[in-house]
Amino acid sequence: MKKGVWTILIIGVCLWGQPALAQQQDNFVESSYVDFYGDTVHTPDIHQLQVSLGAPISHSVIENFYSALNQLPFQQLVNNLQAYKNEKQLDDWLFYQLIRTTAEAISPKKDNYHRYTLYKWFLLNQTGYDAITRLRKDTLLMYIQSGENVYDIPSMVLNGTQYICLNYHDYGSNIDFNAGSFQNIELTRRTGLAKAFSYKINRMPDFNPGLYEIKPLQFAYGQRNYEFKVKVNKSINKLFNNYPSIEYAMQFTAPLSNTTYQSLIPALKEVVGKMDQKKGVDYLMHLTRSSFAFENDAAIYGKDMRFSPEQTLYSAYSDCEDRAAFFFYLIKEIYNLPMIVLSYPQHVTVAVQFDAPQSNPIMYKGNPYWVCEPTPQWKDLKIGQGIPSLKKQAFEVVYEYQPAQR
């Protein structure tokens, strides 16, 4: 191929729905695309990045693969992925979804799982992360350096640094780590230079408007029935597919996408704006109790799941953790009051600090908070009333929110 001449693959990512980095340059002579949510990210011709992988898989086979890939013109791909990440302000988890899609376009997962995984590994390292692979026979695990706590996937410590497994789910989360040792493959360690991978979501994508659907939230409060027609995105489950159980601080601060936000929060602000603060919080507490069907995660998913507010809105069922996070989000966005999250052995709830004193406070760091139970119970609990069966149980404050300004 002549120097400076590229064929373009357009990877569509409908996380945003508007073309990104779409300007054509004189040295771009041909284009094609793979649709991934509808948005577009330019990459060099994937055929230039094809490397065969020997079999059976082994350390030397992986080393040869990585060495051969390093000889190919991959830098433009890396530059374009990073430019898209910066333009769209992608958090690490969302950027990893883009890397997964790119690897799938180059080397489909169904054709050669090991090769697909190694492309992800290569792209993560080339875009500034510290990723390693571990091999035992034909089991190839990929780990990313992260200092965060996650609760349902394996992690390991290597030279004092924590690494979390990114592809454990591909093996059905059923790997016996006591059945034999894994060999660490560290061909491109970036110790001291790499970015730590974070599972925290600071900004939800502006999904393609065509992927939204209306979900009515209906509940009764006082002598009236209320309904809110909320726009939810059917891509949310795919975006958070295989997302682990994370720290409460990250779950409770996850935002809504702009379209979902605009379909719900302004309408709620208008309703509670006619109420005093206590009644408004009580209204939001009853909305959260009554608008979703309850079911424990274990009964549906077989494990604990910690939903973001947008996942709770979309999902058919939710449990106490999910409702607590959703209620927390409503109070934060509408009233911006101080709050604490209370974790009991089998329950999670929220306590709110009001501007005016109420009865039955919980004292934390010298400040009063009042329990606002967002999960339905056998009796209608009022503000300041906790679940009776938990009165003698100890709780832990797992997250404290103090507004920067009000």
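Modeller: Let me start with strand pairing: two strands pair if DSSP finds at least two bridges between them. Helices (H or I, at least four residues) and strands (E, at least two) are DSSP runs, numbered from the N terminus. This is a predicted model, where local features need pLDDT of at least 70, side-chain atom pairs count only at pLDDT 80 or more, and totals for chains, interfaces and linings use all residues. Residues are numbered from 1 along each chain as its sequence is written, and side-chain values use heavy atoms, with hydrogens and water left out.

Colleague: How do you know that strand E14 and strand E16 pair?
Modeller: DSSP needs at least two bridges, and E14 (residues 347-352) and E16 (residues 367-372) have three, in the antiparallel sense. So they count as paired. Ala351, for one, stands opposite Val371 in E16.

Colleague: What makes E15 and E17 edge strands?
Modeller: The open antiparallel sheet runs E15-E16-E14-E13-E17. Strand E15 (362-364) and strand E17 (396-401) each have a single partner strand, so one side of each lacks a neighbour in the sheet. From one strand to the next, the twist averages 35°. Angles here run from 0 to 180 degrees between N-to-C directions, with axes being lines fitted to C-alpha atoms, for helices over the stretch in contact.

Colleague: Which helix packs on that sheet?
Modeller: Helix H11 (residues 320-334), which touches strand E13 (339-344), E14, E16 and E17; contact means heavy atoms within 4.5 Å. The direction of H11 makes about 15° with that of E14.

Colleague: What is the strand order in the sheet that holds E4 and E5?
Modeller: E6-E7-E5-E4-E8, five strands in an open antiparallel sheet. E6 (155-158) and E8 (183-185) stand at the edges. E4 (residues 131-136) and E5 (residues 139-145) share six bridges, and Ala131 stands opposite Ile144 in E5. Helix H4 (residues 113-126) lies across E4, E5 and E8, at about 15° to E5.

Colleague: Why is the Tyr96 and Phe197 pair called edge-to-face?
Modeller: Rings of Phe, Tyr and Trp (its six-membered ring) pair if their centres lie within 6.5 Å; planes under 30 degrees apart count as stacked, over 60 as edge-to-face and the rest as tilted. Tyr96 and Phe197 have centres 6.4 Å apart and planes at 90°, so edge-to-face it is. Tyr96 lies in helix H3 (residues 92-106) and Phe197 in the loop between E8 and strand E9 (212-221), so the pair ties together parts 101 residues apart in sequence.

Colleague: And what makes Phe219 and Tyr226 stacked?
Modeller: Their planes are 20° apart, with 5.6 Å centre to centre, so they fall under the 30 degrees limit.

Colleague: How do you know that a charge sits over the ring of Tyr248?
Modeller: NZ of Lys or CZ of Arg must be within 6 Å of the ring centre and within 35 degrees of the ring normal. The charged end of Arg306 meets that, 3.9 Å from the centre of the Tyr248 ring. Lys85 does likewise over Phe95, at 5.6 Å.

Colleague: Is Lys110 buried or exposed?
Modeller: Buried means under 20% relative accessible area, exposed over 50%, partly exposed in between (1.4 Å probe, protein chains only). Lys110 has 73%, so Lys110 is exposed. Lys110 is in the loop between H3 and H4. Tyr96 and Phe197, by contrast, are buried.
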